[in-house]
Amino acid sequence: MADRTPGQNQPRITRRGFFQKALATASVAAGAELLTGFPLVWAQRLKDITLLQVGGSYSAIIDIARQATKDLGFKIEMQNAVTDALVNRVATQPKSLDIADIEYWMMGKLLPRQVLQGIDLQRFKYWGKVVPIFTKGEYPDGRKVSQQGVSPYEVQYLEKPNSTALAKGPTRWATLIPTLYNADTLGIRPDLVNRPIAHWHELFHPEFKGRAAILDVPSIGIMDAAMAIESRGDITYGDKGNMTQEEIDKTIKILIDLKKAGHFRAFWTTFDESVNLMTSGEVVIQSMWSPAVTAVRARGIPCYYTPLQEGYRAWAVGLGLMAHLSGLKLDAAYEYLNWYQSGWQGGFIAKQGYYSSVPETVKQFLTPEEWNYWYEGKPAQSEIKDPYGNHMENAGHVRDGGSLWERMGKVACWNTVMDENRHMVRKWNEFVAA
Amino acid sequence: MKLSPRIVPYLQVAPLTAVLLVFLGIPLAVVVAVSFFDYDDFAVRPAFILRNYLELFGSSLTYTLYLKTLTYAAVVWALTLAIGFTVAYFLAFHVRTFLWQMALFLLCTVPFWTSNVIRMISWIPFLGLNGIFNQTLITLGVVDKPLEFLLFSDVAVVIAYVHLFTLFMIVPIFNSMARIDRAIIEAAVDAGANAWQVIREVVLPLSKSGIALGSIFVVTLVMGDFFVVKIMSGGQSASVVLAMSNEIALLQYPPAAASAVVLMVMVMLMVAAILRLVDVRKELSG
């Protein structure tokens, strides 16, 4: 094997030849799904390939790996890691995985470390169908998406395949292939709150003293706090997603005062904690994740993911190719990316309340009723089930916040990592210790 | 071939030395080295700078955290000692047959057949606002609304620590007490000592090594914990290690390493102080 640097220095002719052959065979086997067109030799060698994807539990789901393995003919393995562990692993042990299943805001930390390689969009066949939030930084109606925090578009394109410089506009090279995204808001217990909640500042309302919670992941928690603080009119931020030291200090001061007054019942870090806080009634209003709301409802306890006038805090996840991938393994990785966005995965995660970046392909993997419920925000025609066939909602229920674009169209800010991150973390620790 | 007698003891300790060196010595040396490194958001750079330590000692947060953690350690130590000593005393002196002693001793370990995490988390439904304890109090008419301070508070943290760590006190103290010669106690009683005097003048001094060992376990476990604090305080309280884990989460290894070195020195000093008060080795061999 010749000494190869990661990425683009492989023998191009072989690969081009391979793709031509693959294409030719694929067109012969017209109508067959996906990857049926490998020439025999390649197919034989591909069989021995294993790709390891590491991501959050909400994204790197074993069922997706099983289906991919079945459809592709080579092996996909998945491992889960919580947010912090995930960044740590990708940054410090880049060779221990092949596909990074990560959030967009992590790019700021990972890009300069050169652990990922640029993704050649010419080899990804669905780029034209990806929602414009990612490709153009716009909504389908042409409005610009909020740039507060790390918006995916800001970190979507690279100047050159292996550069650490982000491109201002679209190029051929992507940092990540966007996979799933959602808009987060406050979860409430309508039976215990007893009135409509329409603003973020309700999180700090004295009425909910000792019954409110926020999440203790500094980079996300501070965003929820900032949404509430700005909504209350205490501070108007230049950019909530990239606060100045002074803004951070003021924000933490407000939080510490609230904490000392006994406003917060708890801070949570894991999905399960947030579900338990809500289910047990310890907390009636808190920052929450969409599937957590569903999990509370699945236990027969009312919980509402309330749309707020100031908008949502959004996040997006994508797949990145690790820098060490090359040759056949890299080819397999591209095939996997193409499989990933061909619809099966999108259909699976739709039933968990997440959106796919290529909704068009998802449609064929959902029933029309499911599509109307999850993507169009229409009342459920029949019982809504989760990906595993368990009961989720009764007929007639309408998804909180409405259709895809009603929700994603109101993004106020994105999950973030700030320039003043170090200062922020120290202040956040002070808040927790206060 | 016959080995020279001078080499034999070295060979005997060699395996343990090698294991300790590889799995303890080298990692510790790395932590100490990294604590002097420079870093930014993107990389950790080998260097020799004092910034991590200066920031650590310059921040009031450090002192708040140590005060908090030391308070936990002190309160938990006192409670586990009181409970541990009492239980061990009962087992050693009031349970007459060896069989029953062992049976009851095993009973103490029953909760430890499940994981730490489960034992800790099971307190949450018990102490919660709608938990069993509050419901009982309300039903009995003791209080009219649920007590909030029971869960997600320092009280909850201490309860969980005491529950988790008392056994570490019971075992060494019971071990020490079991070795006390009954004749000494008879002699004390014959000499006119009452029960309290026997405990204070005879049992307590002779259990010192057990108490010291138990104290080392409990204090080091509390000082090094972040999980119990995090869960039981509902994330509202912090400890030294919790702050460290936040730094690691953000890839800030050098300050986390500096913090670890300082904590290690602290704990070593505490253990040294305990060992200075009680010569454990002498007591054990005696």
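Chain A of this predicted model splits into two domains: domain 1 covers 12-182 + 314-365, and domain 2 covers 186-310. The C-alpha centres of domain 1 and domain 2 of chain A are 32 Å apart. Eight residues from domain 1 of chain A and eight residues from domain 2 of chain A form the contact. On the domain 1 side, two of these residues are nonpolar, six are polar and none is charged.

A helix pair links chain A with chain B. Helix α17 (residues 421-433) of chain A packs on helix α3 (residues 60-94) of chain B. Two packed helices are described by the angle between their axes and the distance between the axes. Here the angle is about 35°, and the axes lie 10 Å apart. The crossing of α17(A) and α3(B) is left-handed.

| Helix | Contact residues |
|---|---|
| α17(A) | Arg426(A), Asn429(A), Glu430(A), Ala433(A) |
| α3(B) | Leu61(B), Thr64(B), Leu65(B), Lys68(B) |

By class, the contact of α17(A) with α3(B) holds three nonpolar, two polar and three charged residues.

Chain B has 15 helices and two strands. Its C-alpha trace spans about 80 × 70 × 35 Å along the principal axes. Chain B has 286 residues, and 30% of them count as buried. Take the contacts in chain B between residues at least 6 apart in sequence: 71% join residues at least 24 apart.

Technical notes
Residues numbered from 1 in each chain as written. Chains lettered and ligands numbered in written order. Predicted model: local features only at pLDDT ≥ 70, side-chain atom pairs only at ≥ 80, totals over all residues. Domains from an automatic or database assignment. Contact = placed C-beta atoms within 7 Å. Nonpolar A, V, L, I, M, F, W, Y, C, P; charged D, E, K, R; others polar. Axes fitted to C-alpha atoms, helices over the stretch in contact; angles between N-to-C directions. Helix = DSSP H or I, 4+ residues; strand = E, 2+ residues; numbered from the N terminus. Left-handed = near helix turned anticlockwise from the far one by under 90°. Buried ≥ 20, exposed ≤ 12 C-beta atoms within 10 Å, placed from the backbone.
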